[in-house]
Amino acid sequence: MAEELEALCAHDHDAADEAFVRLAGSMHDINARISRPVEITQHQMPRDVQRMTRAADGAWILRLPQDQALSTAEGRLDEDLEQALSALESRSDVSQVILDLRPLGDRLMVDETSLQEVLSRLMTQPLRLPAVQHAFRGGFDVAHGMDGMSSGMRLEGGRDLAAKRPGRALRMSIVADERTVVTRAAWALIQQRRAELFISGSGDPPMVGAMEAVPVGNGREFRFTTAIFVEVEDESKRGRVPALDAADSSSRPLPVAGRFELCPQSRDLCGLTSAGTSSTSMGPIPGFARTATAVTEPESPRPPDVPDAAWRAMAAIKLWSSIKAASRPLTFPAARWNAAFDQAAAAMTEATSKDRYVDVLRCMLASLNDGHAKLMGRWMRARVGEGALPVRLRRVGSRFVVKDVDGSPPMAARRGDQVLAIDGKPIAEAVAAQLPFVSAATPASRELLALDLLSQRPVGQTAVIRVKRGNQQLDLKMQATSARAIEASQSSTRMLSASVGYLDLSETEDLATVDAALGNAASLIVDLRRYPRGAAWALAGRLLKAPMAAGPTHVMPRQGIGEGAVVQSVTTNRAVTQWRGRVIALIGPETQSQGEYSVLLLKSVTKLCTVGQNTFGTYGNVAAASLPGGLFVSFTANDVLSADGKLANPDGLVPDILVEPSLADIVAGSDPVLNAAVQVASGRRSCTM
């Protein structure tokens, strides 16, 4: 594999093409191939291509090209497709519909939801859709994390697609070539003999499953399978799906009814040639002869537990390409990211163990300096564990101390204990060993994440933390648990005085009960020092004095997931209390992502005063990509501009009033940040605005 990596890193396009051919072969994936995509610059059908064409008596062709979406942003079918489909539904002489699924270009953007809508309107009986076995992509699951199942594999259950067409059933056929992706509903139609498949007379069979195409430069892309369709007899008892590190093409081969032919000049569909005489075969269109054909697919062997050299190279390439295509456009470190790929590609030749493979990817992500950039999945859980020690370690001045303690079991650790070592390693060395694997915008936020990593352990594992308490040095043994109860236990909504209200957005999701509790407050303190739960938008609507105000702007990437700027607007809610008093936000080093965005949002609708410490330095929405080995990576997908049009400070938001808790504050359990905010809210302290 060394020569393949050298060719890729050297940007030798001819050598890279040959390398990818060998790479595709080693994946045992019949869909894996190099292609040179034909760019389609518009999302509408070309004027010289008709959606619906009469093929023969009673037979009509409906074209659903795969290089464009079939629906509008509102979820409706696009206008010309809706007109064609309505025409088919209204005609009494229609007995057969030929679905032409060939792509116009080679981008293979399939709108499966809209395809299902089209099919439902052509069927008189429900269609059983198969389960989908995702080999890489797991989807985001709030309850279980990025991949949902600990195997690193997700099985999306089968379901019935309802039929909406009354009356007589239509005979259906599908036309597909080697560039067509047979998606879920089309696969079900073909396998259940509800539609006949006609393939190219001279080309390869179509691809089956879900595809991903990774750009590899010079107008080329590498395409491979990310999910297949499976039939599960009893999905409620299926258990966990065995983990796979490569796309599996072992689903049943598609039954082929015949071939289609193209007109020599126009290259348009000219006719179908049936391959059999069974009752499910479509009769030939007049004027075309009958031929026999058969299509089989090779079996795919089970890949090794650790991705081989080819798949490890693919992991680096896909990670590099995904982030390059969909990362934030204004602060994206292109030169550093290119260098990170060269280093990772070379390191992959030696990454023959799970730990080394994971570490190469983590180091690659660390070069982004992006607080959203994280590697997740079954191997990461096995590496760092799913539990945590019942303490939270933080830096105070030049010391590392115990900031919070789990109060549920008896604990020997105390707030303010100075941490000297963990598991026999000096704490400074232990933190430094984690830093190369942590991605964050600032040294402070990188160190904070490193401390959290030191606390992560498998549930039940014991750690020894050496602390200094007064003149004593103590070795404290503690066991990792599945959950920590070290968060504040006070009410998230309360009156601090007759005129000052307090609202912790990390504990508040619905403001319906907040209005009654805080309706008489002249000033409101909003705590954003932990991750909020999305109530900032509702709160912003209560702070507006005008009917509408523009919030922060999302600047989308120039390629991959869209381009341009998206402004999230906030609407007033006249049915609830409108706040008119002073608003103070508590911020700190753990205010990140939605927390920082919430600060920008509130600043856009009111004269906000911020109290505390610098925030983490991570903004924008999160994108995700899947990697071989049941791994998933997240990263920032867009920049964020504040309401004044300026780029949000990549090093975090600076508070109007800086308050840093001291060691004495931590020992006493006091909250100087909240105390300072109360002084501002009551008028005893001014805010530097």
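Mentor: Let's start with the rule: a disulfide is a pair of cysteine sulfur atoms within 2.5 Å. Bear in mind that this model is predicted.

Trainee: Okay, so what makes Cys609 and Cys687 a disulfide?

Mentor: Their sulfur atoms sit 2.0 Å apart, and the cut-off is 2.5 Å, so the pair qualifies. By that rule the count comes to one disulfide.

Trainee: Why is the disulfide of Cys609 and Cys687 called right-handed?

Mentor: Look at the torsion about the S-S bond: it is about 100 degrees, so the disulfide is right-handed.

Trainee: And which parts does the pair tie together?

Mentor: Cys609 belongs to strand β32 (residues 608–612), while Cys687 is in the segment after α16 (672–681), so the link joins parts that are 78 residues apart in sequence. Both cysteines are buried, too.

Trainee: How do you know whether Cys363 is buried, partly exposed or exposed?

Mentor: Its relative accessible area is 33%. Buried needs under 20% and exposed needs over 50%, so a value in between is partly exposed.

Trainee: What makes helix α13 mostly covered?

Mentor: Count residues: six of the eight in α13 (residues 536–543) are buried. Among them are Leu539, Arg542 and Leu543.

Trainee: Which members of the largest nonpolar core touch the most others?

Mentor: That core has 67 residues, and the top ones are Leu319, Trp337, Leu361, Leu375 and Leu631. Helix α6 (residues 309–326) gives the core its largest share, nine residues. Leaving aside neighbours within four places in sequence, Leu631 contacts Leu361, Leu375 and Trp379, among others. Apart from this core lies another, of 41 residues, including Leu62 and Leu254.

Trainee: What is the strand order in the open sheet of seven strands?

Mentor: The order is β2-β3-β4-β9-β11-β15-β16, with mixed pairing.

Trainee: Why do β2 and β16 count as edges?

Mentor: β2 (52–56) and β16 (269–274) each have a single partner strand, so one side of each has no neighbour in the sheet. The twist averages 30 degrees from one strand to the next.

Trainee: What makes β2 and β3 paired strands?

Mentor: Pairing takes at least two bridges, and four join β2 to β3 (residues 59–63), so they pair. The two run antiparallel, and Met52 has Leu62 as its bridge partner in β3.

Trainee: Which strands does helix α5 touch where it packs on the sheet?

Mentor: α5 (residues 184–191) touches β9 (171–176) and β11 (195–200), and its direction makes about 120 degrees with that of β9.

How values were computed: Residues numbered from 1 in each chain as written. Predicted model: local features only at pLDDT ≥ 70, side-chain atom pairs only at ≥ 80, totals over all residues. Heavy atoms only, no water. Buried < 20%, exposed > 50% of the residue type's maximum accessible area, 1.4 Å probe, protein only. Core = buried A, V, L, I, M, F, W, Y, C linked by side-chain atoms within 4.5 Å. Contact = heavy atoms within 4.5 Å. Axes fitted to C-alpha atoms, helices over the stretch in contact; angles between N-to-C directions.
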